[in-house]
Amino acid sequence: MDFLMSGLAACGACVFTNPLEVVKTRMQLQGELRAPGTYQRHYRNVFHAFFTIGKVDGLAALQKGLAPALLYQFLMNGIRLGTYGLAEAGGYLHTAEGTLSPPRSAAAGALAGIMGAYVGSPIYMVKTHLQAQAASEIAVGHQYKHQGMFQALTEIGQKHGLVGLWRGAVGGLPRVIIGSSTQLCTFSSTKDLLSQWEIFPPQSWKVALAAAMLSGIAVVLAMTPFDVASTRLYNQPTDAQGKGLMYRGILDALLQTARTEGILGMYKGIGASYFRLGPHTILSLFFWDQLRSLYYTYTK
């Protein structure tokens, strides 16, 4: 049940935040490996990107890649939050005195994140391809011509096999390790502190909401450079063998981006990341906490 509730919580959050994921993906691919000022900026900021995509591609384009996004969230977060929830329920994250151990919490969050992200990697790659697809006048990054999730997975599988489907999976792991450990560690620690300080009534939904808000800030700051590199790794064009033509791996992507676009290039789309990750973190952790509370209330 922990896995099911975790997956459902993440899907609920995804429906609301997917348009921001579309905007974030396009802003991260804009001006890829180009020096600042040498390319046309189709998307000046989050709000301008929303307006431009809606105007040129149509409003439906703001929900591009929703099917793989929902499936990825269910797989990734079902495994990630479910595994973490089992570790927490089993008492593995607490010291002998009964207090939460931040190192154990961070390690459990990272390991749970690795499992979820690796399993869901092919879905995330296809989601990135679909969300980057745009009309030629506002297109950024490499443009794949997929017709949908299943067609894309079938085509990649037939052309490049399992290796092609899991291309970029290892490069995507640092993003997930940092994001997952930061999110789950700060959420659990903050929730513990708020409960100890008795700022809100015991078992109040406000405790989970406040903890999730703080967790969202930490995730955005820690994860964005790795998120930019991961998006580019997944979206890069490939040769006949399915090998990426632009980057050799996550480190190469980070170094090339920093060298050609500057440090700020590594934080491209941070506005969209904040607006997306903040609400997504808040909603998914809030739904997760509430679903678990309801389940344990009615099953005891």
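Mentor: Let us begin with a definition: helices are DSSP runs of H or I of at least four residues, and strands are runs of E of at least two. Keep in mind as well that this is a predicted model.

Trainee: With that definition, what makes up residues 100–193, and how far apart are the end C-alpha atoms?

Mentor: The span is 78% helix and 0% strand, and its end C-alpha atoms lie 10 Å apart. Residues 1–90 are 70% helix and 0% strand, with end C-alpha atoms 15 Å apart.

Trainee: Why is helix 6 called roughly antiparallel to helix 7?

Mentor: Helix 6 (residues 169–197) and helix 7 (residues 205–235) pack at an angle of about 170°, with their axes 8 Å apart. Angles over 145 degrees count as roughly antiparallel, and therefore helix 6 is roughly antiparallel to helix 7. The residues of this contact divide into 18 nonpolar, 10 polar and three charged.

Trainee: What lines the largest pocket, and which residues lie nearest its centre?

Mentor: The largest pocket, with a volume of about 680 Å³, is lined by 25 residues, and Lys191, Ser195, Gln203, Asp289 and Ser293 lie nearest its centre. Helix 3 (66–89), helix 6, helix 7 and helix 9 (270–299) each give two or more residues to the lining, and helix 9 gives the most, with six residues. By class, the lining has 11 nonpolar, seven polar and seven charged residues.

How values were computed:
Residues numbered from 1 in each chain as written. Predicted model: local features only at pLDDT ≥ 70, side-chain atom pairs only at ≥ 80, totals over all residues. Heavy atoms only, no water. Axes fitted to C-alpha atoms, helices over the stretch in contact; angles between N-to-C directions. Parallel < 35°, antiparallel > 145°, perpendicular 65-115°, else oblique. Nonpolar A, V, L, I, M, F, W, Y, C, P; charged D, E, K, R; others polar. 1 Å grid on protein atoms, 1.4 Å probe; cavity = no way out; pocket = protein on both sides within 12 Å on 5 of 7 lines; lining within 4 Å. Points joined across faces, edges and corners; volume = space filled by probe spheres on them.
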